[in-house]
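Terms are defined as they come up.

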Amino acid sequence: MADKADDSKYLWEDKTSEGHTRIGLNDLARSEIGQVTFAEFPDKMTEVSAGDPILSFEGAKAVTEIHSPLSGKIAKMNADLIEHPELLNEDNRGKTWIVGLFLRRELSTIIFVDLSDSNSQRHLRDPGVSGSFSTFFITSPKFSDTVFHFSQPASASVVLGVNQDAYSEVNLDYIKNHHIHLARRGAGGGAVYVDSGNLTYAFIDNDNGTNYLNFKKYATPAIHVLHKLGVDAEMTGRNDLTVDGKKFSGMSSLKIGNRFSCGGTLMIDVDLDQAAKALTPPKTKLASKGIKSVHSRVTNIRQYFLPQYRQITFDEIRQLFLEEVFQTTDLAHIRTYTMSEEDWQEVEQIAHSKFTDPKFIMGTKRDDDFFHGNHFDGLGTIEVSFSVNDGIVTHARIFGDFNQANGDLQAVENQLVGTPFKQANLEEAFRTANLSANIGQISPTEMAELMLNPNFQEVN
């Protein structure tokens, strides 16, 4: 069974006379898992949100976990499954249910920010303003609840992740000649091409200890909507949504204090030819996906819609999305916020203080002897530009599409300068550089090998 944010097609749901909804495995799940021999519930599970794991188990064909398709408070857990996991092999709903939930309709805790008014659309024409939008909702004292919003670019742009090298990720001559804007977001992740055929969605939430960087949780509404439209969408890797092995959505996250944003793009009618020419990802990223070009890696999803939805409009997709997020068809009564001119002034102040600054967008062009890169599963691509003189590292820069947006890369770089270019010395430098906080879950040994192994040399 694939590891998915949305496991609804593997589950049945039944409303009980006690007022809660039971969830259990269906025949499709059993056929893909095989005979179950072990089962375990997450620790201290009292509430779940859609996309949260509710049971881990081992079967003859797979070791996996099931994620809840619903949000709610745990009414009951089927403790018999722990002592008798073989019950999951039976087609008996009275014995094989996993959990019972009192469903939580989160209408009171989510605010929809409607950006469809003409004033909002005028402000959002500037990609730098769009990029600072999440920072506004994370930091503004006006908002403490969960915020949800859409945006749709008015014109084409390439948006870089905060840690990426513009000179290796983007065909700068092409985007200049074709009037494609270049912007950089405050979040991690990789570069994306967006235009009016793209729909972007984002949640701003509070960190409860389990939801930050939980891309599955925030991808679940999108996957549910796409399944309704006929798209066999699934989550693959750390933060991509794919269909038929091709990516149509990438997700990123930014955390400031205890609040964070998490969202993604949906390629519906994007100009794929232009995207392929605008983006020039390093060879290691393409190799990690088993493909040779951007064009062969990505796809638009409209072609996968069921025939009755092939002509669906963006407004109609937004409506389906809102019905899924708020679990209601009565959209007139969801909490809705419209940006004031004062709000937009604050957003533009954030934009002009950082996000529209050419130095922030472009960064410093690297001028080193070496540029090594490698893709690490579960983390992303890491690149190191560095120079060595008389066996000593004299300069280093770190780039990548890893999602740690708040790390101090300069601190890591400073640890490298003056270090002998040898395995043991490099490992020690990385060991004192707090890699987990500044880059992510990667070892000093892996980072040292990235610099030492000539097979990781990038060509661009």
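Axes are lines fitted to C-alpha atoms, for helices over the stretch in contact, and angles run from 0 to 180 degrees between N-to-C directions. Helices (H or I, at least four residues) are DSSP runs, numbered from the N terminus. The model is predicted: local features need pLDDT of at least 70, side-chain atom pairs count only at pLDDT 80 or more, and totals for chains, interfaces and linings use all residues. Residues are numbered from 1 along each chain as its sequence is written, and side-chain values use heavy atoms, without hydrogens and water.

**Helix packing**

Helices α17 and α19 pack at about 130°, with axes 8 Å apart.

| Helix | Range | Contact residues |
|---|---|---|
| α17 | residues 423–431 | Gln 423, Leu 426, Glu 427, Phe 430, Arg 431 |
| α19 | residues 444–452 | Pro 444, Thr 445, Met 447, Ala 448, Glu 449, Met 451, Leu 452 |

The contact divides into 7 nonpolar, 2 polar and 3 charged residues. Here Ala, Val, Leu, Ile, Met, Phe, Trp, Tyr, Cys and Pro count as nonpolar, Asp, Glu, Lys and Arg as charged, and the others, Gly among them, as polar.

**Cavity**

A cavity is a set of points on a 1 Å grid over the protein atoms alone where a 1.4 Å probe fits but cannot get out; lining residues have an atom within 4 Å of a point. The whole structure has 1 cavity of 30 Å³ or more. The largest cavity has a volume of about 40 Å³, the space filled by probe spheres set on points joined across faces, edges and corners. Its lining includes Ala 222, Leu 266 and Phe 321. Helix α9 gives the largest share, 4 residues. The lining has 10 nonpolar residues, no polar and no charged.

Key. On a 1 Å grid over the protein atoms alone, a cavity is a set of points where a 1.4 Å probe fits but cannot get out, and a pocket is an open set with protein on both sides within 12 Å along at least five of seven lines; lining residues have an atom within 4 Å of a point. Helices (H or I, at least four residues) and strands (E, at least two) are DSSP runs, numbered from the N terminus. Contact means heavy atoms within 4.5 Å.
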